[in-house]
Amino acid sequence: MEQFAQQLLNGLFLGSIYALIALGYTMVYGVLRFINFAHGDVFMLGAFSGLYLNRWLGPSLASLHWSISLTIILVLSMLICAALGILIEFLAYRPLRNRPRLNVLITAIGVSLLIEYTGQHPAVFGATQQPFPALIPANNISLTGNLAVTNTQMIVFVTVVLLLVALRYIVMKTRMGLAMRALSLNPTASALMGVNNSVVISFTFGLGSALAAAGGILYASLYPSVEPFMGIMPGLKAFIAAVLGGIGNIPGAALGGLIIGVTETLVGGYSSVVGLPTGYKDGVAFVILILILLFKPSGLLGKTEREKV
Amino acid sequence: MLDVRNLEVAYGSIRALHGVSLHVPEKSIVTLIGANGAGKSSTLRALSGLIKTKAGTVTYEGNEITNQAPHRIVARGLCHVPEGRMIFPNLTIEENLRMGAFLRRDAKGIAADMDYVFTIFPRLLERRKQLAGTLSGGEQQMLAISRALMGKPKFLMLDEPSLGIAPLLVKAIFQKIVEINRTQGLTILLVEQNANLALEVSSYGYVLETGKVILEGPSADLRANPQVQAAYLGI
C-alpha cells in the first residue's frame, strides 16, 4: 500500500510537468487549430537555457538564496522561450495562415527536426548528454510512514501549481485572455470586435512556450541530464495528455497531464509484477491515445461545440 | 458618411460583386435588398475588411479604408453584425458584451453602455451570466446587435437580422433598430431578404441582383415600384 502511495505521488509530480507542456499544445490548438509539434523542442530549449543561464549567471547568483536564483533562472528562461515561440510562429507558421492546415502541421514537424538537429551540432549544444545543475538543493522530506518526497519534487509541484493559477488568471480575467477565448471560438467574430488576431496568436505562442520552458527546467531538475532530443518523449506524452483532456480545453490538458503521469509511473512500478520490462511505461501513453481516439475522441472534458442557428 | 465606388469582389474565379456603388448618408438607415446570392453579404464583408476587394474604393468619413484589416476598420467606428450572428457560444452574455467593447478603455462608459443595451433588450439582463450558446435564435440576434453597440459604433452594418427568427421577435428587433437609429443618431446599413420590413424602416434602398445594383431610390419609391413589388415584396 505504501509503495502504491509512493508511486502515486511520484506520478503526480511527473504528471504536473506533463500538464505544463500539454497546456501549450492545447492553447495553440485553440487559436490556430493545429498541433505545434515543435512544442516539445521548446521544452528542450527551456532546459538548455536553464543550463546555460546557470553557467553564466551562477557565480553572480551564488550569494543569493537558492529559491531566488531559481526564480531568476526560471523567469529568464521563460522569457527567452516565449520570444523563441513567437519567433517560430512568425517565421514558420504565419506565412501559412491561410493555407490548408496539413501544410502547417508538416511544417511543425520540420521545425521540430530543425531545432533538434541544429541543437546536436557541437557548436550549439552538442549531441552528448550533459548533467543539469541542481538548482534546488537535494533534501528528502519524510511524510507519514515510509513515504518520502524530495525537496525537488515539492518545489516542482508548487511551481507548477503557481504557474497554473497564474495562467488561469490570465485566461479568465484579463483582456488578452478574453480575446484568446473569443478567437478560439470564432476568429472572424473576434476580428469584427476589433481584436488583432495576429497579436493574440503571438501572445498565445509566447505563453505556451514560457510554460514549456518552465516544464523543461523542472523536468531537468527531476531527471538531471539534458540533450537535444530530450523534448521528444515528454512532448509526445504531453500532446497525448492534451488530447486525453480534450484538445483546446485548458483544465482538460492539466487533468490529462496528471493522468498520463500517474498511469506511466504506476505501470513502471508494477510492470515487473506481470512480467513486463519497466520500459513499457513509455508505451502506456500511446495505448491511452489509441483508446481515447476510439472511444471518446473529444477527450474527457472536451465538448462537441454546439451552436443554435 | 460612407461612399462605395465600383466595388468588385471575387472568391477565387467566381465573381461575387461586379462594381457596386453605394452611398450612406449620416444618421440614415439605408437598406440593401436582393435574393440569395445577390452579393449583399459580400458587400458587407468587403466593407468590414473580411474579404479583400479586387477593385473599387470604400471611403468612410472622407478617408479611404479599402482593404484595411478588420480590426482597424472597427477602430474607426464601423461595426459589422455578421450573417449567422457569430456570437461566442462558450462565453457568457456579459463576456460577449465585453468583447464588443474590446477596443474601449473607459470602464465607466462600458458599464453605462452595458446598462443601456440591457434596457433595450431586458431579456439579456436576465441571462447575463448564462452561456450565449444557450440562447434562442432571436435572443442571439439581440446579443449580436448589443455586442456591436458596446463598441460605440458610428456606423452599424446589420446582415440579415431577421434570419431564422420568429416573426413576432423580428418586429420587436426591427423596432429596436429604428429606436437606436433615432435616439443614438447611429447610421445603419441594413442587409435584408425580408424586403418588406427593410423598406419600411429605411429611408433609401438599393436592389442587388447577381452582384450589381439594378435599382435604387428612396424606400417609399421602391415599395411602389411594380418591379420590386413583383420580385421582392410578393405583391
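This is a predicted model: local features need pLDDT of at least 70, side-chain atom pairs count only at pLDDT 80 or more; totals for chains, interfaces and linings use all residues.
**Exercise 1.** Classify the packing of helix 6 of chain A against helix 8 of chain A, and describe the residues in contact.

*Solution.* The axes of helix 6 (residues 175-185) and helix 8 (residues 197-222) of chain A come within 10 Å and cross at roughly 105°. Because angles of 65 to 115 degrees count as roughly perpendicular, these two helices of chain A are assigned to that class. On the side of helix 6 of chain A the contact involves A:Met176, A:Ala179, A:Met180 and A:Leu183, which meet residues of helix 8 of chain A including A:Val199, A:Phe203 and A:Leu207. By class, this contact has nine nonpolar, two polar and no charged residues.

**Exercise 2.** Carry out the analysis for helix 6 of chain A and helix 3 of chain B.

*Solution.* Helix 6 of chain A packs against helix 3 (residues 93-100) of chain B at an angle of about 105°, with the axes 11 Å apart, and the pair is therefore roughly perpendicular. The residues that make the contact are A:Leu178, A:Ala179, A:Arg181 and A:Ala182 from helix 6 of chain A, together with B:Glu95, B:Arg98 and B:Met99 from helix 3 of chain B. Sorted by class, they comprise four nonpolar, no polar and three charged residues.

**Exercise 3.** Is B:Ser28 buried or exposed, and which residues does B:Ser28 touch?

*Solution.* First locate B:Ser28, which lies in the loop between strand 2 (14-24) and strand 3 (29-34) of chain B. Its relative accessible area is 9%, so B:Ser28 is buried, the cut-off being under 20%. Leaving aside residues up to four places away in sequence, B:Ser28 touches B:Asn181, B:Leu186, B:Thr187, B:Ile188 and B:Ser203. A polar atom of the side chain of B:Ser28 also lies 2.6 Å from the backbone oxygen of B:Pro25.

Methods: Residues are numbered from 1 along each chain as its sequence is written. Chains are lettered from A and ligands numbered from 1 in the order in which they are written. Side-chain values use heavy atoms; hydrogens and water are left out. Helices (H or I, at least four residues) and strands (E, at least two) are DSSP runs, numbered from the N terminus. Buried means under 20% relative accessible area, exposed over 50%, partly exposed in between (1.4 Å probe, protein chains only). A polar contact is a pair of N or O atoms within 3.5 Å; within protein, one must be able to donate a hydrogen and the other to accept it, and residues adjacent in sequence count only if both atoms are side-chain atoms. Contact means heavy atoms within 4.5 Å. Axes are lines fitted to C-alpha atoms, for helices over the stretch in contact, and angles run from 0 to 180 degrees between N-to-C directions. Angles under 35 degrees count as roughly parallel, over 145 as roughly antiparallel, 65 to 115 as roughly perpendicular and the rest as oblique. Ala, Val, Leu, Ile, Met, Phe, Trp, Tyr, Cys and Pro count as nonpolar, Asp, Glu, Lys and Arg as charged, and the others, Gly among them, as polar.
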